[in-house]
Amino acid sequence: MSGNSSGWRARAHHYFGAVPLLLLATFLAASLLTRIGLLALSWREVDWLMLPASFLLGILYDLIAGAWSLVPVLLIYLVLPQRRIPRAMLQGIVLALLGTSIYLLLFNFVSELLFWQEFGVRYNFIAVDYLVYTTEVIGNIRESYPVGKILAGLLVLTLLLLWPARRLVAAALAQPQPVRARLRHAAGWAMILVATWFGAAAASAANGFANHYNVELASNGLYSFAAAFRNNELDYEHFYLTRPSNEVRQTLGRMLASPGAEPDKPRQVAAHGAEQRLNVVLVSVESLSADFLGKFGNNEGLTPQLDRLASQGLLFTKLYATGTRTVRGLEALTLSVPPTPGQSIVKRPGNEDLFSLGSVFRGKGYDVRYAYGGYGYFDNMNAFFGGNNYNVVDRLNIPDSRIPFENIWGVADEALFDQVLDEIDASHRQGRLSFTHVMTTSNHRPFTYPDGRIDIPSHTGRAGGVKYTDYAIGRFIDMARAKPWFKDTMFVIVADHTASSAGKTDLPVARYHIPMIVYAPAHVKPGTVDRLASQIDTGPTLLGMLNFSYASRFIGHDVLHTPPEDDRAFISTYQSLGYLKHDTLTVLQPRRQVAAFAVDAESNTTPVPVNQTLVQEAVAYYQGTAELVKAGQYRSLR
């Protein structure tokens, strides 16, 4: 018996002498389990014919991520003085390392499932952003999920998995490994790391499935996180298709309806009638997809107030958000620029004193403010809007006495709107017009709000968040109607982005479709605008409706005073830059790649040959904007 045991230990020592290999095997098993879990969440969306290829490529991604993730463990194993530590203590240290690794892998498994449920992708730049705002993110998680039970369950599962590993660890450490042997292990591991460095490029090149869910399934969460962290700032010139700057600026000047004009110089926008001196309230609604509204075919009754306002105001039916995050929507609405690669301008350094919608209103003598129900340090809002001469109103300015409810993201929308009413009242008492940009928060997980407002209980999902926000907007308009300034106020209601941008393609057009309503009963006739438009056109169109004459740097245009043949929209992730025009989506991608897709009436896409005219226009918009911003040529005119 002892001989058999000794032989078993010798064989186990032979196979598991390098403890990191045991951990790598654990990592690969956990990654496979994660991939199966994500498949279970999206089985209706994947291309099953390509699924085996996705899983096979996934093994390569897992090897790459696992090899690099375990480098710290390898270093500990390398320097651990095995001969000087009692065997029992050494086994305890290794079991602790193994247990910690298993727990973290299980934690990552749950985290990826939850992230996929919310965003339909592996970790991306959103996860990178979440590292910065841990208070809000951790608070949101605690309010949305039973965190204590999940963590306790993971601990129990870790102990169950660790128990049978005791014998393997004992066998692996049956004899202390000399430094020379461990150095051989380290050298072998270093060769693996070098191979995976080159393998990463091969994996990226091979991961070109037409179905985006297959692309995401093939990837690895930690690999995707590292890639997003590395690419959070992408320089257009180094990664995307370019043209000579002088040609780009000529093309951009022509498309801005200023032939011969230089985009880095302000151009004069002439009014089409007598200037209307109206207060303006621009409400950017958190995660308001167009398909939540009854006006766009939804029959769940989630937006009775918005549907009423859409019937009584001017509804834009083919407006598209530029991105998938609040900061990207704020960038489009405030600066009227196409999305540039990487991080939104709202979060970049040097983003102060830019030409903005607020700067135009300020030049007309308006009070200019930005109102947000949360703490404005989140997503750099205070710094961005304050640095661009907005008066920022956030959670710190809202008295506790008027807050019926708040969660980690901020106060209930109704309390924010009550504060906005006070702010506009203050301007009115001083005889001043005001422009107020309001950013809501309640239509965000955990979807909690005051009881008794709507017929959907709090904390039960997205439908409740949408309907409560709708209630709060309707209440705000009704309360404003009693104010002396109401008849001379224009309300603009638009989304920051949709509720989900995940789809079978990298840029699913329908998932960027947002509503915009302009409501001013005494000044704007009810109707619809069925022309293709971009979120960056909101500001210029609004100013056009007010008949403002002003010097402009905006890249967006006034939809109501631009020829229909110039209609276009911009949609993007933090890497893929889409240009939608004439039912064709042209996509600029890193490594100077270009793709094109035909877009049908239901927003389905089919690959088509690239149209060089559309490519030139897309490059002019994206490269031109990137150059203007980088060179500091998008500054305020004051």
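Predicted model: local features only at pLDDT ≥ 70, side-chain atom pairs only at ≥ 80, totals over all residues.

Residues are numbered from 1 along each chain as its sequence is written, and side-chain values use heavy atoms, with hydrogens and water left out.

A search of the whole structure finds 28 aromatic pairs. Rings of Phe, Tyr and Trp (its six-membered ring) pair if their centres lie within 6.5 Å, and planes under 30 degrees apart count as stacked, over 60 as edge-to-face and the rest as tilted. Two of these pairs are set out in the table.

| Pair | Centre to centre | Angle between planes | Class |
|---|---|---|---|
| Y468 and Y471 | 5.8 Å | 35 degrees | tilted |
| F491 and Y519 | 6.4 Å | 40 degrees | tilted |

Y468 and Y471 both belong to helix 20 (residues 462–480), three residues apart, about one turn of the helix; helices are DSSP runs (H or I, at least four residues) and strands are too (E, at least two), numbered from the N terminus. Y468 is buried at 0% relative accessible area, whereas Y471, at 25%, is partly exposed, where buried means under 20%, exposed over 50% and partly exposed in between (1.4 Å probe, protein chains only).

F491 lies in strand 9 (residues 489–495) and Y519 in strand 10 (residues 513–519), so their pair ties together parts that are 28 residues apart in sequence. F491 is buried at 1% relative accessibility, and Y519 is buried at 3%.

Ring pairs also link a cluster whose members include F361, Y366, F435 and F548.
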